[in-house]
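I opened this entry to record what I looked up, item by item. The notes follow the order in which I checked things.

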Amino acid sequence: MIRPDENDPLVRLKSSVGSSLTPLLSKLSLEKKDSVAESEADTIVTVGTSCKNAGCRQSYQGDHSNLETCFYHSGFPIFHEGMKYWTCCQRKTSDFANFLEQQGCTSGVHLWIKKKTEEAQASCRYDWYQTGGSVVVSIFAKVPIPDRSYVEANPVKLHLHITFGEDHAVYDQTMLLHGVIDVEKSWVQFLGTKVELNLKKRECVSWRMLALPPPPKPKAEDGNGDTEDV
């Protein structure tokens, strides 16, 4: 079978709201109520403040901390069939303590304060399993807001935009699927602690992984005609 084009138009999957989410939504205020004092306090970095980049274990010790290199994980944590790893470096381990101790694979600057926006970007843990005819994906986002969330797909690409929690955090992720799905027969359910996707396989074959790894970074030529990663 010829693999469909990943650039085909995306179609929004049909969705439903589970009974476990309904009472939580009734308690969730859709208006943020941050006081002026809290906003001002959030702009001050104090000694001992932890870096907010995933995987970085450094804390702020003064102005010199801003000059240090931050090593962090730019991807998302995956827990699947007993294995734990980050999507960015995929160093798989079954030991949770070892997973937490993995040094970040990306270098940059420390992030002492996360900027608050109307929709703060967030990362979510997800897991998946498969049956003969379907792939089931669970995105662990507590109290998802259906009116502000959607999942769209074509046969080989999946785009998730999930708004969840009191802070209206947003998990936005696009992935190229390992296999091919039947979009019309796939669906989404919003539950109290997660969003569950049921993706109907076009063919009843086993998937080795949920998503294909990202393509390698392009190389740029330096002044000598050599190439280097960008």
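**Notebook: loops, cores and strands**

I started with His110, which sits in the loop between β6 (106–108) and β7. The model is a predicted one, and I read every entry here with that in mind. Is His110 buried or exposed? I find His110 buried, since its relative accessible area is 11% and the cut-off for buried is under 20%. Leaving out residues up to four places away in sequence, I list its contacts as Cys51, Asn53, Cys56, Gln58, Ser65, Glu68, Thr69 and Cys70.

**Cysteines**

How many disulfides does the structure hold? I count zero disulfides. I then looked up why for two of the cysteines. A disulfide needs two cysteine sulfur atoms within 2.5 Å. For Cys89, the closest cysteine sulfur is that of Cys105, at 3.9 Å, which is too far for a bond. For Cys105, the closest cysteine sulfur belongs to Cys88, at 3.4 Å, and that is also too far for a bond. I noted accessibility as well: Cys89 is partly exposed at 21%, and Cys105 is partly exposed at 38%.

**Positive phi**

I searched for positive phi in residues other than glycine. Gln90 came up with phi near 55°. Gln90 lies in the loop between β5 (83–86) and α3 (96–101), and at 40% relative accessibility I class Gln90 as partly exposed. Val143, not a glycine either, has a positive phi of about 55°. I place Val143 in the loop between β8 (134–139) and β9 (150–154). Val143 is buried, with a relative accessible area of 12%.

**Nonpolar cores**

Which residues have the most contacts inside the largest nonpolar core? That core has 35 residues, and I wrote down Val137, Ile139, Leu158, Leu197, Leu199 and Leu210 as those with the most contacts inside it. The elements giving two or more residues to this core are β7 (126–130), β8, β9, β10 (157–164), β11 (169–176), β12 (187–190) and β13 (195–200). Of these, β10 supplies the largest share, four residues. In soluble globular proteins, nonpolar side chains tend to be buried together.

I took Ile139 as an example.

**Glu196**

Glu196 is in strand β13. At 19% relative accessibility, I count Glu196 as buried, as the cut-off is under 20%. Its side chain makes a polar contact of 3.3 Å with the side chain of Lys194. Setting aside neighbours within four places in sequence, I find Glu196 in contact with Val136, Val137, Ser138, Trp187, Val188, Gln189 and Leu191.

**Strand β9**

I finished with β9. Four of the five residues of β9 are buried, so the strand is largely enclosed by the rest of the structure. Strand β1 (residues 11–12) is joined to β9 by two bridges, and the two run antiparallel. Here Arg12 has Glu152 as its bridge partner in β9. With β10, β9 pairs in the antiparallel sense over five bridges. Glu152 has His159 as its bridge partner in β10. A hairpin of two residues joins β9 to β10.

Definitions and conventions:
Residues are numbered from 1 along each chain as its sequence is written. This is a predicted model: local features need pLDDT of at least 70, side-chain atom pairs count only at pLDDT 80 or more; totals for chains, interfaces and linings use all residues. Side-chain values use heavy atoms; hydrogens and water are left out. Buried means under 20% relative accessible area, exposed over 50%, partly exposed in between (1.4 Å probe, protein chains only). A nonpolar core is a set of buried Ala, Val, Leu, Ile, Met, Phe, Trp, Tyr and Cys residues joined through side-chain atoms within 4.5 Å. Contact means heavy atoms within 4.5 Å. A polar contact is a pair of N or O atoms within 3.5 Å; within protein, one must be able to donate a hydrogen and the other to accept it, and residues adjacent in sequence count only if both atoms are side-chain atoms. Two strands pair if DSSP finds at least two bridges between them.
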